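Here is a short briefing on one protein model. Keep the sequence and the 3D view open as you read.

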Amino acid sequence: MNVSVDGAFVYFTIPIFGGIPITQTTVSSTLVALILIIASILLGKNLQKRPGKMQVLVEKGVGMITDLTASAMGAHNVHWTPFMGCLFLCSICGSYIGMTGFFRSWTADINCTATWALMVSFIIWFNNIKYNGILAFLKNYINPMNIISDLAQPLSMSFRHFSNVSVGGIISAIIYAALTLLSSIVLNLISSAGWLMAIALIAAGIGIFVLGMKKKNLILKILAVVTFVVGLFGLLQTLNILSGVPIFTFGIPAVLSVYFDFFSGFIQALVFTLLSMVYIAGSLPEPQAAEAA
């Protein structure tokens with residue numbers, strides 16, 4: 001995930017209206033929007049009565065988000081399914097685009113999640129005015145706690161999503177830097193000890209691997225591979241063939257990415273969508289109540 005502590009990098013600025021910055025988030029969000037639009041067009045045309053595998057998969061996904069909307073908002077609000085589906089797809093794709101290594105996660109920008117949260121709040125306020133009237137809406141703010149509550153809702157939604165995505169990327173970057181430093185320290189120690197130390201580690205790695213094969217012990221096999229690799233790259237650095245290789249970063253960032261990028265990105269998209277469903281549903285009365293009002 002490409003996350004910067006200083007915020008999104010500005011590629012260039014369009015010199016109109018006081019300057020419009022084109023940031024990493026702008027590029028990522030535009031790309032995600034184009035991908036979703038094109039995918040919607042391609043997957044939504046030429047639908048068959050006897051669907052193929054792709055159409056079955058798409059229909060299954062639409063059915064799942066429809067059922068989720070109906071269960072969270074009520075059957076009378078199932079028409080909100082396209083909005084909630086769009087919100088979920090933008091969120092999850094906005095997080096996953098950071099896994100490419102070339103683009104910044106859209107949801108790692110507070111401007112993105114804050115915009116979504118405010119959009120949900122505006123929908124809630126509109127519904128409250130529509131069904132209760134402007135006077136009842138304004139009267140609600142006589143109590144200062146209601147003001148705090150309405151301000152806290154978009155703040156909590158936006159910061160929850162933003163912080164989980166951005167902090168995950170920062171933690172991954174810190175761990176990667178620490179493993180790179182550890183790799184440098186270990187290889188320098190082996191190099192300073194001489195090539196005999198490196199040969200000994202390689203031999204030890206082979207011996208441990210043979211022992212692990214005999215005992216069918218996975219831990220011994222992993223230890224053998226690590227020992228062998230450390231010895232091999234230590235030997236290469238001692239012989240001035242190859243140096244500065246961050247050996248301890250091999251595979252570990254990928255494992256972290258499974259959680260911070262893939263799993264966490266999905267969970268945050270689902271939580272944000274569910275919260276939006278619950279909050280908006282709270283401002284939409286049952287059909288009977290709306291008719292009575």
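This is a predicted model: local features need pLDDT of at least 70, side-chain atom pairs count only at pLDDT 80 or more; totals for chains, interfaces and linings use all residues.

Residues are numbered from 1 along each chain as its sequence is written, and side-chain values use heavy atoms, with hydrogens and water left out.

**Helix 3**
- Helices are DSSP runs of H or I with at least four residues, numbered from the N terminus.
- Helix 3 covers residues 81-96, and its end C-alpha atoms are 22 Å apart.

**The largest pocket**
- A pocket is an open set of points on a 1 Å grid over the protein atoms alone, where a 1.4 Å probe fits, with protein on both sides within 12 Å along at least five of seven lines.
- The largest pocket has a volume of about 1000 Å³, counted as the space filled by probe spheres set on the points, which are joined across faces, edges and corners.
- Its lining (residues with an atom within 4 Å of a point) has 28 residues.
- Gly-61, Val-62, Gly-85, Phe-88 and Leu-89 lie nearest the centre of the pocket.
- Helix 3 gives the most to this lining, with ten residues.
- The lining has 23 nonpolar residues (Ala, Val, Leu, Ile, Met, Phe, Trp, Tyr, Cys and Pro), five polar (the others, Gly among them) and no charged (Asp, Glu, Lys and Arg).

- Thr-273 sits in helix 9 (residues 252-282) and counts as buried, at 1% relative accessibility.
- Not counting residues up to four places away in sequence, Thr-273 touches Met-84, Leu-87 and Phe-88; contact means heavy atoms within 4.5 Å.
- Gln-55 is found in helix 2 and is buried, with a relative accessible area of 12%.
- Leaving aside neighbours within four places in sequence, Gln-55 is in contact with Asn-46, Leu-47 and Gln-48.

**Aromatic pairs**
- Rings of Phe, Tyr and Trp (its six-membered ring) pair if their centres lie within 6.5 Å, and the count comes to eight aromatic pairs.
- Phe-137 and Tyr-141 form an edge-to-face pair (planes over 60 degrees apart), at 5.2 Å centre to centre and 90 degrees between the planes.
- Ring pairs also link Trp-106, Trp-116 and Phe-272 into a cluster.

How values were computed: Helices (H or I, at least four residues) and strands (E, at least two) are DSSP runs, numbered from the N terminus. The expected span of a helix is 1.5 Å times one less than its number of residues. Buried means under 20% relative accessible area, exposed over 50%, partly exposed in between (1.4 Å probe, protein chains only). Rings of Phe, Tyr and Trp (its six-membered ring) pair if their centres lie within 6.5 Å; planes under 30 degrees apart count as stacked, over 60 as edge-to-face and the rest as tilted.
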